[in-house]
Amino acid sequence: MPLAKIEVRRSWPPDQVQSIIEAIYLAQREALKVPERDRQIRFFEHKPEHFHVPPGKTENFILVEIALFAGRTLETKRSLYQAIIKNLSTVGIAPDDIFIVLHDIPLDNWGIRGGVPASEVDLGFKVDV
C-alpha cells in the first residue's frame with residue numbers, strides 16, 4: 001500500500017503525466033510486489049520559482065517520495081530505485097534528474113480499512129520482500 005507523491009517543476013502534457021504515474025506504479029508492482037489494485041499516486045506541478053533544485057539539474061527534475069510499510073529489504077529498495085529510473089527514462093527523464101526518497105513507516109502507524117492498524121490486518125501480500 002505505498003503512497004507515492006511525484007513533484008515536478010514544470011507543466012507536463014496530460015498524456016505524459018499519465019505515463020509518469022504509470023512508470024512509478026509499474027516500478028512498485030515489479031519491485032515491491034504490491035497487488036494490482038494498489039495504486040495511490042499523486043502528481044504535483046510547481047512553478048519553477050517555487051521548487052528549487054540542485055545545480056546542474058534540468059527542467060525535467062522530478063522528486064519521487066514513497067511512503068511504504070516498513071519491512072522491505074535493502075535489495076528490494078535498490079530494485080525499486082532502478083525500476084523507477086528505468087521506467088522514467090522511457091518518458092524522457094534522465095537518471096540525473098530523478099531524486100527518490102522512501103519513508104519506511106511501521107505497520108502500527110497506518111490506519112486502514114476503517115481505522116484498523118495495518119499490523120492487525122491481513123494485507124493479502126508480503127511486506128518482507
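1. The model is a predicted one, in which local features need pLDDT of at least 70 and side-chain atom pairs count only at pLDDT 80 or more, while totals for chains, interfaces and linings use all residues. Residues are numbered from 1 along each chain as its sequence is written, and side-chain values use heavy atoms, with hydrogens and water left out.

2. E65 is buried, with a relative accessible area of 19%, where buried means under 20% relative accessible area, exposed means over 50% and partly exposed lies in between, using a 1.4 Å probe and protein chains only. The side chain of E65 is joined to that of H103 by a polar contact of 2.8 Å; such a contact is a pair of N or O atoms within 3.5 Å, and within protein one atom must be able to donate a hydrogen and the other to accept it, with residues adjacent in sequence counting only if both atoms are side-chain atoms. Leaving aside residues up to four places away in sequence, E65 touches L3, A4, K5, E7, V101 and H103, contact meaning heavy atoms within 4.5 Å.

3. Turning to the overall architecture, the chain has two helices and six strands, and along the sequence they follow the pattern β-α-β-β-α-β-β-β. The radius of gyration is 15 Å, close to the 14 Å that the globule rule gives for 129 residues, so the chain is as compact as a globular protein of that length; the radius is taken over C-alpha atoms, and the rule is 2.2 Å times the number of residues to the power 0.38. Taken along the principal axes, the C-alpha atoms fill a box of roughly 45 × 25 × 25 Å.

4. Of the 129 residues of the chain, 43% count as buried. Among contacts between residues at least 6 apart in sequence, 76% join residues at least 24 apart.

5. Helix α1 covers residues 14–32, and its 19 residues reach 27 Å from the first C-alpha to the last, close to the 27 Å expected at 1.5 Å a residue, the expected span being 1.5 Å times one less than the number of residues. Its buried residues are V17, I20, I21, A23, I24, Y25, A27, Q28, A31 and L32. An α-helix has 3.6 residues a turn, so residues three or four places apart point the same way. The cover over the buried residues of α1 includes β1 (3–8), β2 (40–45), β3 and α2 (74–89).

6. F51 and F61 form an edge-to-face pair, 5.8 Å centre to centre with 80 degrees between the planes. Both F51 and F61 lie in the loop between β2 and β3, so the pair ties together parts that are ten residues apart in sequence. F51 counts as buried at 10% relative accessibility, and F61 counts as buried at 6%.

7. F69 and W110 form an edge-to-face aromatic pair, at 4.8 Å centre to centre and 80 degrees between the planes. This pair links distant parts of the chain, with F69 in strand β3 and W110 in the loop between β4 (98–105) and β5 (111–112), 41 residues apart. Both F69 and W110 are buried.

8. Charges also sit over rings, which is counted when NZ of Lys or CZ of Arg is within 6 Å of the ring centre and within 35 degrees of the ring normal. R10 lies over the face of W12, at 3.7 Å from the ring centre, and the charged end of R39 sits over the ring of Y25, 3.6 Å from its centre.

Notes. Helix = DSSP H or I, 4+ residues; strand = E, 2+ residues; numbered from the N terminus. Phe/Tyr/Trp six-rings, centres within 6.5 Å; stacked < 30°, edge-to-face > 60°.
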